[in-house]
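Let's take a walk through this protein together, starting with its ligand and then moving on to a set of strands. Keep the 3D view open as you read.

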Amino acid sequence: MLETTAEVVELNEQGKKGQRVLPAPLAALNRLSWNYWWSWSPDGAALFRDLDPKVWEECEHNPRELLEKISEFRLMQMAVDPVYTRRVAKLAAKFDEYMSGTKETWAAGAVAELTPANPVAYFCAEYGIHNSLPLYSGGLGMLAGDHLKSASDLGVPLVAVGLLYRYGYFRQRLTRDGWQEEHYGEFAPSELSMNPVLDESGAGVTVEVFMRGRNVRARAWRVDVGRVQLFLLDTNIPENDPTDCWVTGHLYGGDRETRIVQEMMLGIGGVRLLRRLGFEPQVFHLNEGHSALLTLELARELVEESGLEFSEAARRVRERCVFTTHTPVAAGNDEFDPTLLDYCLGEDYRRSLGLTRDEFLNIGRVRADDAGEFFGMTPLAIKMCRSTNGVSRKHGEVSQELWRELWPQSTSVVDVPITYVTNGVHAPTWVAPNLRQLYAKYGGKNWAQRLRDPKRWAKCVARISDEELWEAHRLLKQRLVAFIRERSLHAREQRGESAAYVQSAGVMFDSEALIVGFARRIAGYKRWGLLLADTERLLRLITDAERPVQFVFAGKAHPQDQGAKLVLQQLSRWKLDPDVMRRAVFLEDYDQEMARQLVQSVDVWMNVPRRPLEASGTSGQKVCLNGGLNFSVLDGWWLEGFDGTNGWAIGGTTTHEPVETPGVVTAEDMKDAESLYRVLEEEIVPTFYDKDAAGVPRRWVRMMKRSIETLAPAFNSDRMVQEYAQRIYLNNQQ
Ligand SMILES: *Cc1c(COP(=O)(O)O)cnc(C)c1O
């Protein structure tokens, strides 16, 4: 590694240029603010929030901005507050201990072959590290963020590569008639916890990739995620042609051409950056196919620098690359028109691999010489990696079926060498603070380091009394209701709704009544319409005087998906019905922070994908860590998690017929809808409202406990990263 990377770290201390000098008792806050570790450590977020809650909200939980904007007087007030400064000192000491590596990590014992000198290089098009870093659109990014955090906690040597999207992903707002509008905010790297990577002379490190007939440069930024470094490439620099500044403009925002050049920068530029910084990765992990061009760049190095034939170069590349696929359909978004690819990549690049055009295109095709087939990043990745895995058991099987043609010699689909590693979520990021305290009290202070141990979870859960768990959950629901009211009030005001309607936000929702959450992307297979299949029946559930059901919805439609926007509009019109208004809400602008509020607090989390299109899903895993109950189609992770006592299933396990047109309701959909209503009416509502004299719903709490003890040990990202490290990165079968 370059000396200069270390230098950046030193500059982060009080002396960082332009950084505000804090009063001595608070000085450590600067250091803490430069590493996202604070965001998953106990008291981390609260420490910054308590510095100045109002500014904290205004700057959307960005500690760098908070420290720049907070008033001098407030800062001094806190600097003389001994209780507060003790908290600062305590967290800083923990951080230093975490970073110093004095405690032996899991990786040092279990996967010692992975070393900082030869780390894993992890590539992904999006990262969901924290809300203040809007470089994600949804599940893939969240998963990548959780992967980095667990890698850090476990001490797995890993460096990550991604793109710095200047305009991030869109923010969602609804018009008064329920139509989605997209807004993009530009973010300034200087206001965020990221540092330019500098070279020996103090100049910014850049890489160059030739695309669309021009050299395009990207500078590099570094984000610290605990012990893991995340490098981001950014083409928004004056040396570039103005068009090329937009290569890293929007996440999933542009046309096909933009996608190609983005993926070139990620894959090819990413490898060049790692080289420039002196990393010698032992394994390259392609998290989804967006970065698959990195395999060609590795091959090009071998062809050009060592004079190998492409076939031999490819063989060597394959030994070092592993691929995780996330899509359960062949016609994913990630395939390119060969002509467009020719234009973006250029003939010279292909020649530098020593390939003819057809040979080149065939690497990205399932069927060789099929001129009608586009160049797919999934076939490319599968062919150039030694290992391919899906993200749940079912998704592994679906992928074997989907890509079996790539192994013509496999006689049976079960012989197709695609495995799976089921996704998991990062517990310290997703568990509510008060539950965290319960887990620490009854599971031991180091509960978060022992996530995989089912016995420990069982013991911990057995020690928590029903009353205590229920009380913690009730508090979280009260917080959720306050959140819903505040967000709704604000949104209604912004839309210029009538005063009466704005005011009514203050009485929405009852925290003692059942709350069902449904928050996810608005895409055809997620079947947003399923719940509305029988609106009268649904209304009866919602408006029941004694035992009402309340629904919280949130999610974004892809900007170009008109059908999805119509579904959203239908939903938001329907909720205008006065009977419904108090007990159902659509919250605008689903993001990580909103996800935290929802998954930590709802009673029930609903998911109704068309089987088998939910590759894994992770939001339900966040819910079970918080004692919420899943109510979901048996697909993705839930097919592995559901055991009959820890939540509910919707419908059966048969595979649905593929549906071409989104929004169409098939006979199978109707069957699932029937199952959904029936389980709600006959099981969920009666169990929830069956409270004893003390006001505790015993049967419900028992299910909450089953949910925690059976699901938490299996669906956390420590388990996931350990599996990747042992089975995929090191190729150890065990
Ligand atoms: C966890 C999470 C997701 C992934 O959710 P699924 O619907 O289960 O795939 C998406 N978006 C956000 C903001 C999340 O936190």
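## Where the ligand sits

The ligand lies between two domains, because domain 2 (107–423 + 723–729) and domain 3 (427–714) both give residues to the shell around it. Keep in mind that you're looking at a predicted model.

So who are the neighbours? There are 14 residues around the ligand, and the ones that come nearest are Arg520, Ala595, Thr618, Ser619 and Lys622. Sort the shell by residue kind and you get four nonpolar, six polar and four charged residues.

## Contacts with the ligand's oxygens

Zoom in on Ser619: a polar atom of its side chain is 2.7 Å from an oxygen atom of the ligand. With Thr618 it's the backbone that takes part, as one of its N or O atoms lies 2.9 Å from a ligand oxygen. Then there's Arg520, which has an N or O atom in its side chain 3.3 Å from an oxygen atom of the ligand.

How much of the ligand does the protein bury? On its own, the ligand exposes 390 Å², and the protein buries 92% of that.

Which way do E6 and E7 run when they pair? They're antiparallel, and six bridges link E7 to E6 (residues 206–211). To spot one of these pairs, find Thr206, whose bridge partner in E7 is Arg219.

E7 also pairs with E8 (residues 228–234), again in the antiparallel sense, this time over seven bridges. Here you can look for Ala220, which stands opposite Leu233 in E8.

## Two hairpin turns

Follow the chain from E6 into E7 and you'll pass through a hairpin with two residues between the strands. Arg212 sits in that turn and has a positive phi of about 50°.

Carry on from E7 to E8 and there's a hairpin here too, with two residues between the strands. Which residue takes a positive phi in this hairpin? That's Gly226, with a value near 60°.

Key: Residues numbered from 1 in each chain as written. Predicted model: local features only at pLDDT ≥ 70, side-chain atom pairs only at ≥ 80, totals over all residues. Heavy atoms only, no water. Pairing = 2+ DSSP bridges. Helix = DSSP H or I, 4+ residues; strand = E, 2+ residues; numbered from the N terminus. Near = heavy atom within 4 Å. Polar contact = N/O pair within 3.5 Å; in protein donor to acceptor, adjacent residues only side chain to side chain. Areas by Shrake-Rupley, 256 points an atom, 1.4 Å probe, with all protein chains shown as cover. Nonpolar A, V, L, I, M, F, W, Y, C, P; charged D, E, K, R; others polar. Domains from an automatic or database assignment.
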